[in-house]
Number of protein chains: 2
Amino acid sequence: MIEYRNLRVALLGGGSVGAQVARLLLEHRDELANRVGASLELVGILVRDLDAPRTVDLPRELFTTDADSLILGADIVIELMGGIEPARSYILEAINSGADVVTANKALLAQHGAELFEAADQVGAQLNYEAAVAGAIPIVRPLRDSLAGDTVNRILGIVNGTTNFILDRMDVAGDSLEDALATATDLGYAEADPTADIEGYDAAQKAALLASLAFHTNVPLEKVYREGITKVTPQQIESARKAGYVVKLLAICERLTDPETGEQGVSARVYPAMVHRGHPLAAVHGANNAVFVEAEAAGPLMFYGAGAGGVQTASAVLGDLVSVARRHVMGGPGYAASSHADLPVLDIGKVTTRYAVTLEVTDEPGVLATIAGVFSKNHVSLAQVEQSMTLEQPGTASHEPVSGTATLVIGTHEATEAALAATVNDLAANSVVTNVESVLRVEGV
Amino acid sequence: MIEYRNLRVALLGGGSVGAQVARLLLEHRDELANRVGASLELVGILVRDLDAPRTVDLPRELFTTDADSLILGADIVIELMGGIEPARSYILEAINSGADVVTANKALLAQHGAELFEAADQVGAQLNYEAAVAGAIPIVRPLRDSLAGDTVNRILGIVNGTTNFILDRMDVAGDSLEDALATATDLGYAEADPTADIEGYDAAQKAALLASLAFHTNVPLEKVYREGITKVTPQQIESARKAGYVVKLLAICERLTDPETGEQGVSARVYPAMVHRGHPLAAVHGANNAVFVEAEAAGPLMFYGAGAGGVQTASAVLGDLVSVARRHVMGGPGYAASSHADLPVLDIGKVTTRYAVTLEVTDEPGVLATIAGVFSKNHVSLAQVEQSMTLEQPGTASHEPVSGTATLVIGTHEATEAALAATVNDLAANSVVTNVESVLRVEGV
């Protein structure tokens, strides 16, 4: 028998992820000791209510409401409470008492990451967070370690399972947004208040973390442009399908050139976008997540799996725990947040992408030339134009077509958001345009 | 300006991967120094012929034929020569002189991995090999680190780009194996002697590495069961397509129970198998690679990207280099090959899977009952049976159907390879069976 050193592990939070982490720590004690070279002793689980029902049967004596005693007696603290406070204070307390930390708290890191990484760096503590982005999918470590010698140019991530489930239902089953959301809620994929998911706040937090990591630049949450999925219509989904595309809520992190200054910068943004059905991201169904990474040398890579779920996320937490514990025992390099590149985070107006614009126009000679002129004046060049008569009967569509109108679907080449916004303004003001029905970005090309 | 410590990096091999590694090391010198906390100085590139043409323009003075001087003067040695000797001796020399090692040499590791890892462990040297499996795709590090707290139950890998390209062409374009191979050769996806790829030797080496890593068990190459793709026919591909499947060459690593002793064991094997079109692996086209991992807690994960190519593979080499260099400077845990689980590697006969068996039988009453009886006697239970008249004209198919025969396609439930082999033997000997046309395993369910 090998005699192992004992590491005291404190767990903050006994919810669906915390309970699974505790179970796996207890069940796989011997195996984990083998992998770490030290045994991991779960010394306590901080909960608000000692008597609350738990999803997993755990020894009653592990639960405690005394945060300070638990944290100060630990070598490693795992924070799975969520929210900003008291999670932030507890992590700082752990770091300053000499403990290493593992967290899955994306909201906290997206808002206070710089402060926490700085505190960890000051004392040489480790702060790992694989579970904070895309649940079980290993993405933080591949970006940090595997691609450490490469240059990441772009990340397109499906990082919110709820919205992917909803958009997938709308695409596959033809559901309305409301029906798809109701199904998601019934199946436990959406919370009672789905705002954080469907308005893109959750994805924006993950975009901030991914961009910071990939570009060695501190990308604060408030610099992430964000649109949710609440304005996505069945008509947009249907029209995307006809054109060979699917609509996905994407977290996009991109290295780009400032069109005004010519300087290097980065962009982090979240919005629903059209993705070609031949793209690997188009095949990500249901509540699954996937992160598509384009690196200079490696080329395109994709990481796919479960983006949420208690036991799945627990896997990522335990992976971090093993790494942190190994270094706790044997020393070696920790990973401070790397922000040495310190690139400017560019405004959404400077982002360049392609667009699909659907217009309802008066059906008369010369309209196409007028429309083309509006795009041209704003330096947005057209890739393709499709015209179709509107076939809906009055009263059946959400917007009633005016008789004598036609629908134009216009695909553009790459243009800046600023140029496109100016174009859309001009189109809306033009007398031949009776309605700007839809503007969707096209990504992944 | 930060004054960095200098690390001396020796490169063994100046081929397509080596030249790209050298280029990236030189071009990204400052960025790499930032990430490592030490500057990486490329001190030399070992080549056989100083005057051979190179794919990348590199400083002439870096090339050398003096292996010993280069290796003995290095802090880190990157081995990209391929082959067994002298690569093995050079790596041992590097380890014993106190250097850390990065290699992409799958053949060497699959055959002599235990010896090399043992030697590294003895002196506390690091031996990293991300590029040895699936090229640019981060898979070694996710299995080793990200899933360190989880239990891997199964890996299904498309780890050979040449055979995936060939099978994809046969499926998508209806090519024969010969035509698809010729196209692969024309496009540079297949080597002049394609044996290592199409007979599955390359995939078997990767299966040995993946299984050893995932199961913490030394899985030697000779215990990997191997079948190549040379017997895959257009008829099999077509019949798989009709049933909603695609044929892929899979490297399979699986935790399983010995059907005789009831003890835990593992299996590593390579063969062409039918994969349902709904499975994420079915969407891996062309020469791409993907590794599908099923872990106890994380659930299904997939890692997708380029499996070969000079610059792509160089990305993985550089990621290893940065990790190794950081630890070279700051100390900390290295990664000896972890074989503490030491599970028995089970023979192919003990593997359980599902099968699709295509038979040509005499078309007379009672045949189906006879056939079903043969399966039943061997304890292989049937999932579905489909009968179709053979429609080919004599002379047009590779096997000429005898008039008065029918074709039966039989899908089985899970059965051991041994039971299936016995069944096939009995079928071949049965007078109602005029030909056993095809036996394909069905994986990914």
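Colleague: Which domains does the domain assignment of chain A give?
Modeller: This is a predicted model: local features need pLDDT of at least 70, side-chain atom pairs count only at pLDDT 80 or more, and totals for chains, interfaces and linings use all residues. Residues are numbered from 1 along each chain as its sequence is written, chains are lettered from A and ligands numbered from 1 in the order written, and side-chain values use heavy atoms, without hydrogens or water. The bounds come from an automatic or database assignment. For chain A it gives domain 1 (5–136 + 311–330), domain 2 (140–307) and domain 3 (351–443).

Colleague: How many residues of domain 3 of chain A take part in the contact with domain 2 of chain A?
Modeller: Start with the centres, taken over C-alpha atoms: those of domain 2 and domain 3 of chain A are 25 Å apart. Contact means heavy atoms within 4.5 Å. Domain 2 of chain A brings 19 residues to the contact, and domain 3 of chain A brings 14 residues.

Colleague: Which residues of domain 2 of chain A lose the most area to domain 3 of chain A?
Modeller: Buried area is the accessible area (1.4 Å probe) lost when two parts are put together, summed over both. Between domain 2 and domain 3 of chain A it is about 1200 Å², with 56% from carbon and sulfur atoms. Three residues of domain 2 of chain A together make up 39% of what that side buries, and they are A:Q236, A:Y271 and A:M274.

Colleague: Which side chain meets A:E443 in a salt bridge?
Modeller: A salt bridge puts a side-chain nitrogen of Lys or Arg within 4 Å of a carboxyl oxygen of Asp or Glu. Three of them are counted between domain 2 and domain 3 of chain A. At 3.8 Å, N to O, the side chain that pairs with A:E443 is A:R154.

Colleague: Which element gives the largest share of the side of domain 2 of chain A that touches domain 3 of chain A?
Modeller: Helices (H or I, at least four residues) and strands (E, at least two) are DSSP runs, numbered from the N terminus. On this side, β7 (152–158), α11 (234–242), β9 (245–257) and β10 (264–276) of chain A each supply at least two residues. The largest share, seven residues, comes from β10(A).

Colleague: What radius of gyration does chain A have?
Modeller: Chain A holds 14 helices and 17 strands. Its C-alpha trace spans about 85 × 50 × 35 Å along the principal axes. The radius of gyration is taken over C-alpha atoms, and the globule rule is 2.2 Å times the number of residues to the power 0.38. For 445 residues a compact globule would have a value near 22 Å, which agrees with the chain A value of 25 Å.

Colleague: How much area is buried between chain B and chain A?
Modeller: The contact takes 47 residues from chain B and 47 residues from chain A. Carbon and sulfur atoms give 56% of the buried area, which is about 4000 Å².

Colleague: Which element gives the most to the side of chain B that touches chain A?
Modeller: The whole structure has 46 salt bridges over all chains, but the interface of chain B and chain A has zero. On the chain B side, α2 (29–36), α6 (140–146), β12 (299–306) and α12 (310–330) each supply at least two residues. With 10 residues, the element that gives the most is α12(B).
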